[in-house]
Amino acid sequence: MSNKPQMQTLAGLATARGYAIGPAFIYRGNAAVPVPEYCVEVGCESEEMLRFRRALNEVKRDLEGLIAALRERTGREDVMVFECHLMMVDDPSLIDSVESAITEDRLNAAAAVRRTADRARAQFARMNDAYFRERVRDVDDVERRLLLALDGGAPEPYVEIKSPCILVADDLTPSQAVQLPREFVLGFVTEGGSTTSHVALLARALGIPAVSGLKDITSIVQAGDTILLDGTNGAVTVNADVSTVLDFRDLIERQKELSEEAVLGAPAGTLKEGGEVPLYANVHPGVPIGGLRELGARGIGLYRSEYLWLNRELEPTEEEQFQAYRDAAVFAKSLGEDATLTLRVLDIGGDKTVAGITQHETNPFLGNRSIRYLLSHRETFETQLRAALRASVFGKICIMYPMISCEEELVESAKVLEKAKSDLEAAGIPFDREIPVGAMIEVPAAALNAAALAKHVNFFSIGTNDLVQYTLAADRGNDAVTHLYQPLHPAILKLMRMTVDAARANGIYVGVCGESAADPVIGVLWAAMGVDILSMSATYIPVMSKLFSRLTRNDLDEYARFAESLDVSMGAADRLSACRGWLISKIPDLDNIIV
Ligand code: PEP
Ligand code: MG
């Protein structure tokens, strides 16, 4: 018997799309920094305060230096992670909390920092939304910097990598991730993390494939082991045999070719014949958007403004919002003279809770969320609309209302928008008077009543993430009901059809900005049914673009007829495989394209 270790494929979370092969570089660096805890002697509190203030200033200087260096080096927006850390160290409530632990409880500065960080971590961990829970990592990062600065200014532990490798880590802080030498890091594999962690978002933005949630991977893998990392499907293979390695290398080559074609080819979403289905990107403020142009995004189809409300005690001011919207509008313009920024107004509630704003509700998905929240908090709504209007002279902005369920919400929103416009007019501030407004169609009632809603707006954007969950009564985040969460369910197809027809009849355009837009079988079907724009995570644009380049408008018409005439009694799996079969009949090498 051979002693050769067995090939092993481990399944984790598909965190950032793409493939990589290389030797493992193991990093176990995130064990908490040990913190001594003791009472400072009476009378020595001010000395301890001074140590804390010095450490705080040092961390501020380091962060400012890091932000400036990153801007200079990469010009990328991933500095936002550190701007967020800078905001944390400037946060008066954080400073107060540490200082009162020192002066009132006579705690040493390091223990006071840890106590404050523990409280912040507990606060974030209680939140329902995965994105907000992940902000615990930012608290860890800032805490670590402060503790190291208090400990005599030891530098942030740096992962020193000098040759190409796949980094296999227990976890990575955003600081560590962004400082890694990009030319050498072929991929990330982490034990912790999630698909919404900052590191995941950085990896996606940087185009570095990543798999997370692989418990114990740093013990299973040894330094130097060859790792096959599949960020598209969330798998890691170790001790692969020769033929698996060769197949994997082919896959990497194909993916490379596809990305190059996407950059060099026609605008994303151009059909082989008969027009185009422009492909836009979904973005979150605070998350890098630098790579969108390279991936072919032709505009921003969904700007999730609620992410500006993250990590803070107070709501963002009009000025802060204005600056963020202006920067995004300018960026959108850089994608093309006519490229638009579709700015969705605050969509909180449901699974997106914000401390101090959202109330506890027994059934939050059906509660006072999104547009309902805004209409019951007019000041917040008006402020946001004023900021968006002010930014509208820097690039083309469309305003989008989430969770619309009835006409009255559009009528009321129009009044708030009118009020924001007249405030600006009175103050002599310029803005786009004709700013387009749109309704998200993500509640079944909105789709059923789309013809009436269309009269009030310039466009629809179908949020299939919510439309599917509300129509099929299947929580989009609950594993136990994923088998019921079926975008191709006949009921969904009917609602899509009604929405597209209502848009057509009223001369407005209709997009899809739910995740299904990036699914080859489903996204192509939405286009076939008459959707004008598909908006998705930018990394998924090259594959979708390639598919459209292989189809004609006639093919799409045929696909819509095929899918919409499938027997309603057909099960979900059969329906999906029939649609996939149709697509393969037109694109026989479909599996080679979806890499
Ligand atoms: C949707 O519901 O499809 C959507 C795009 O909005 P979100 O995922 O932010 O709820
Ligand atoms: Mg939604």
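Colleague: Which residues does Arg-369 touch, not counting residues up to four places away in sequence?
Modeller: In this predicted model, Arg-369 sits in the loop between strand S11 (340-344) and helix H13 (370-375). Its relative accessible area is 1%, and because buried means under 20%, Arg-369 counts as buried. Leaving out residues up to four places away in sequence, the residues that Arg-369 touches are Asp-347, Ile-348, Gly-349, Gly-350, Pro-364, Met-403, Asp-466 and Tyr-470.

Colleague: Are Glu-442 and Asp-466 buried or exposed?
Modeller: The two residues that coordinate the magnesium ion (ligand 2) are Glu-442 and Asp-466. As for their accessibility, both Glu-442 and Asp-466 are buried.

Colleague: Which residue of S13 stands opposite Ile-399?
Modeller: Strand S12 (residues 396-401) runs parallel to S13, and 3 bridges join the two. On S13 both faces are covered, with Val-437, Ala-439 and Ile-441 buried on one side and Gly-438 and Met-440 buried on the other. Within this pairing, the residue of S13 that stands opposite Ile-399 is Val-437.

Colleague: What is the bridge partner of Gln-8 in S8?
Modeller: S1 is joined by 4 bridges to strand S8 (residues 235-238), and the two strands run antiparallel. In S8, the bridge partner of Gln-8 is Val-238.

Colleague: How many nonpolar, polar and charged residues does the contact of H2 with H6 have?
Modeller: Helix H2 (residues 80-90) and helix H6 (residues 136-150) pack at an angle of about 65 degrees, with their axes 10 Å apart, and H2 passes H6 in a right-handed crossing. From H2, Val-81, Phe-82, His-85, Met-88 and Val-89 meet Asp-138, Val-139, Asp-141, Val-142 and Arg-145 of H6. Sorted by class, the residues in the contact of H2 with H6 are 6 nonpolar, 1 polar and 3 charged.

Colleague: What separates the C-alpha atoms of Leu-66 and Val-79?
Modeller: Leu-66 is part of helix H1 (residues 45-74), and at 15% relative accessibility Leu-66 counts as buried. Along the chain Leu-66 and Val-79 are 13 residues apart, and the separation of their C-alpha atoms is 8.3 Å.

Colleague: What is the phi of Arg-106, which is not a glycine?
Modeller: Most residues other than glycine have a negative phi. Arg-106 lies in the loop between helix H3 (92-103) and helix H4 (109-125) and counts as partly exposed at 27% relative accessibility. Its phi is positive, at about 55 degrees.

Colleague: And what is the phi of Asp-216?
Modeller: Asp-216 is placed in the loop between strand S6 (210-212) and helix H9 (217-220), where its relative accessible area of 41% makes Asp-216 partly exposed. Although Asp-216 is not a glycine, its phi is positive, at about 70 degrees.

Notes:
Residues numbered from 1 in each chain as written. Chains lettered and ligands numbered in written order. Predicted model: local features only at pLDDT ≥ 70, side-chain atom pairs only at ≥ 80, totals over all residues. Heavy atoms only, no water. Pairing = 2+ DSSP bridges. Axes fitted to C-alpha atoms, helices over the stretch in contact; angles between N-to-C directions. Left-handed = near helix turned anticlockwise from the far one by under 90°. Contact = heavy atoms within 4.5 Å. Nonpolar A, V, L, I, M, F, W, Y, C, P; charged D, E, K, R; others polar. Donors = N, O, S within 2.8 Å, 3.2 Å for Na, K, Ca; no water. Buried < 20%, exposed > 50% of the residue type's maximum accessible area, 1.4 Å probe, protein only.
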